[in-house]
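Q: Here is a model for a close look at a single part. Please go through that part step by step.

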Amino acid sequence: MTSLLKNSELSLEKADKIVSETLNSCDDGELYVEDTKSETIVLDDNKIKSSNYTSDLGYGFRAVTGDTVAYSHSNEISEKSLKNSSDNLKSTLKNNSGTYNSEIKKTNQKLYKDIDPIESKSMKSKIELLNNMNEYARSKDISVKQVTASLLAEKKNIEIIRSGGELLSDNRPLVRINMSVMVEKNGRKETGVYGIGGRQDYDEYLRNDNWKKVCDEAFRIANTNIESKHSPAGEMKVVLGPGWPAILIHEAVGHGLEGDFNRKKTSAFYDLVGKKVASKGVTIIDDGTIDNRRGSLNIDDEGTPTERTVLIEDGILKNFMQDRLNARLMNTKSTGNGRRESYKHVVMPRMRNTIMLGGTNTQEEMIKSVDKGIFAVSFGGGQVDITSGKFVFNCTEAYEIINGKVGAPIKGATLIGDGPSSLKEILMVGNDMMLDPGIGTCGKAGQGVPVGVGQPSLLINNMTVGGTQL
Amino acid sequence: MIKDQDYLKKIADICLSRSKKLGSTDASILVQSSVSENINVRNKKLDGSERSENLGVVLTTYLGKKKSSIASSNLKESNLNELVDRCIETMKITPEDEYNSLPDKDLHFSGLKDLDLYDETHLSNEDKINYIKEAEDEAFSNNKIVNTNGSGFGENKSNFLLANSNGFADGYKTSQFTAYCEVVSKSNGSMERDYEYTSKRFYNDILKPKDLGSIAADHAVKKLNPKKIKSEKISLIFDKRISKNFLSIFASAISSNAIAKGTTFLKDKLNQKVFNTEININDRGDIKKANGSRYFDSEGIGIINLDLIKNGILQDYLIDTYNGKKINRKSNGRASGTTNLYFENGSKTFSELIKSEKKLLYIKETIGHGTNIINGDYSVGASGIMIENGEFLYPVSEITIAGNLNNIFQNITLADDLEFNYSTNSPTMHVQGMIVGGK
């Protein structure tokens, strides 16, 4: 295997030596080297507004002893720089000593191809695609006043060098196609946003003129919202559509089940393993092993192979998501959830593809059962306060439900709930489980990583809807 | 060590001369170097240290009205050459955009650099640890504080050079010292977290550790055992750490990018009354030692002070060269956004403000991203404290607050307690009649 260090002033042998010598007396740690190429092309206001190509190379050197983490990163790849980092790590950990845990599971997992999605489509055809998307979206209706379309592709190659010379690597492609449409009618302006993506070449996502469907969907959402009325405020029943609305699961329980918050006892879930935290029939997993999905990884950013981790099974809390540090301190094994945004960031337990499995109810019966409530089909961002368990997310497409029937669209409502209690308020789990279209980015402590979500339609007994109509 | 101007200049020259050689008609480049050191402490014990050394270059090349950009952290000459080649190739096949150009030469910054933006003070890791431990000690002296989420101290030093093919080449060093303390309180089965945060260019200007810890503890304890209230229309008081968010929203709504595209609720509102007549909003880049101060923006254009709102009337937009051309305006040096943006003080004291109505809800935290710049709809999750007759009664959580920014802006009254703690600053704010979603 040729190392990412091959063109640098630092040889793999020298790196090995410094890594082993530094980490010998520590519990854990590694040298993480990353070479990322990315390209973003944006069409905005009828023009190709920008084409940016970024090439980023750097390392992050980590030493861990007990619960103390020393980290040093740089994009000067040289023996001198790595030695400086080593000195820095040693000075932080000078009063501690540990026993290096060299155990790390092996894998031949190949969840995506080793491709370069930037080079596999020519710049000309990418520009043509954006122009086609712009023209097509604008041709949908004269009410379309603004269109922004963008293409993002990335090839991230990582290498993990552990004490003793073990070398682990992963080559990760990622693409995303985004569309935003603004519609203006009768003095009102609304937008619709849609996107698709994953760990394959652009062309895999563009078969059968699939880009038209992306434009259609963005336009449909904007056009729906232009007819929307003010959202009601107060507690009511909520039916969630399948797929992307699973960011509710991500916010409401996902973050609270990450190992670090539970090891630190700052999560509302920290003492609830083995206890009932959700309605019967609710099973939630975090799966890093689904082919070509945005949240999938062959190995995590510590080198642990990813897996399908059962978090909640039939309502009972089973497992937290762990990286190596938190697993060691909690006497368990890493679940392959150790992730970082880049070499500039420390590893933390992070979600991959977080999914609620399907049940037996139909969406139709859920809606029929609601006298007054809302039907939420799509969301913008969400956020959670891990400690209090309170979470919010913003509807980008939602409708009122009156007497068992879907009524008028409602605008920009925020839903707020309490993570641990809202899971117990789930009354029906649908038989229509769906994954999101491949657009999610999760933020934690200033680090963004690509993730996926999925769920069937759900009926939640009681959530607070934040609107303007009392 | 951060790199000096000579090193940055050398990198800039490599890229600019190669771009020219390969046929670009214009080019601009930013070269940056920064070093930051952060210490994290949790439950009074060292949790981690982090040292980052960052180098980076961003190059934009032009061929007439065609444009393309590259960025890299790998500053080896061979890599830079490859990237410049790639940038030029892409540029040649990118469609023309009539608004693309370097900034107007006449607007380039060429003044004195006397704003005191760099403090060379260096704290050893021991000093950083001591500072933050002292803050946590103080927080734990409050017996309802049972845990911490982690507290940290960071020191950042950076240097940069901005240059373009019209002869602009300038840069300077800046520093930033930051500390935060995030603690967890517990009582009667209720667990809450809250924080305090301080960030200044000069070490001597940051909060004293004891104050940092005690303020964080006080915030977290005051949130314990919250109640959920009924949905109602009620006037809100926004704590200073939240009220400044309305300025950030305002700034994005008057960016020339949004104005040119028509994607803002403040389009066509120039010279119109956007706030009530008592409101003034300024953006000043020339305040000594201030977090938001700068000499020039990311295009090299000198910063001028802007009175954005005068007696409630919108006076100006935030304009860069590209979007300025679209709306027939010259850049006012805001390609990097606002500098030190603030509401001028209002005429009421804090205590008059909280007594101005019989019942008020004091908002200390909002969560979620429920701001729609296009139509002004605003809906976020929130928590705070109920006030009756000027008395803080009990914490409130799991509610939403909603309204439309057009109305919210018209209904703002400000206290006279403005402080320059961040780059965007607001006094305590009263907003009449918003909708709270609760039980």
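Taking chain B, with its 439 residues, what radius of gyration does it have, and what would a compact globule have? Please then describe how chain B is divided and what touches it.

A: The model is predicted, so to speak of local features pLDDT must be at least 70, side-chain atom pairs count only at pLDDT 80 or more, and totals for chains, interfaces and linings use all residues. Residues are numbered from 1 along each chain as its sequence is written, while chains are lettered from A and ligands numbered from 1 in the order in which they are written.

The C-alpha trace of chain B spans about 70 × 55 × 35 Å along its principal axes. Buried residues are 52% of the 439 in chain B (buried: 20 or more other C-beta atoms within 10 Å of the residue's own, with C-beta atoms placed from the backbone). Of the contacts in chain B with a separation of 6 or more, 73% join residues 24 or more positions apart (contact: C-beta atoms, placed from the backbone, within 7 Å).

Chain B contains nine helices and 18 strands, which are DSSP runs numbered from the N terminus (helices H or I, at least four residues; strands E, at least two). Its domains are domain 1 (5-33 + 53-104), domain 2 (125-222) and domain 3 (226-439), with bounds from an automatic or database domain assignment.

The C-alpha centres of domain 2 and domain 3 of chain B are 24 Å apart. Eleven residues of domain 2 and seven residues of domain 3 make the contact. On the domain 2 side, β4 (145-164) and β7 (190-200) of chain B are the elements that give two or more residues. That side has four nonpolar, two polar and five charged residues. Here Ala, Val, Leu, Ile, Met, Phe, Trp, Tyr, Cys and Pro count as nonpolar, Asp, Glu, Lys and Arg as charged, and the others, Gly among them, as polar.

The contact between the chains takes 59 residues from chain B and 65 residues from chain A. Strand β2 (residues 45-63) of chain B gives the most to the chain B side, with ten residues. By class, the chain B side holds 16 nonpolar, 29 polar and 14 charged residues. Strand β3 (residues 66-72) of chain B pairs in the parallel sense with strand β2 (residues 47-65) of chain A over four bridges; pairing needs at least two DSSP bridges. In β3(B), B:Ile70 stands opposite A:Tyr53.

Note on methods: Contact = placed C-beta atoms within 7 Å. Buried ≥ 20, exposed ≤ 12 C-beta atoms within 10 Å, placed from the backbone.
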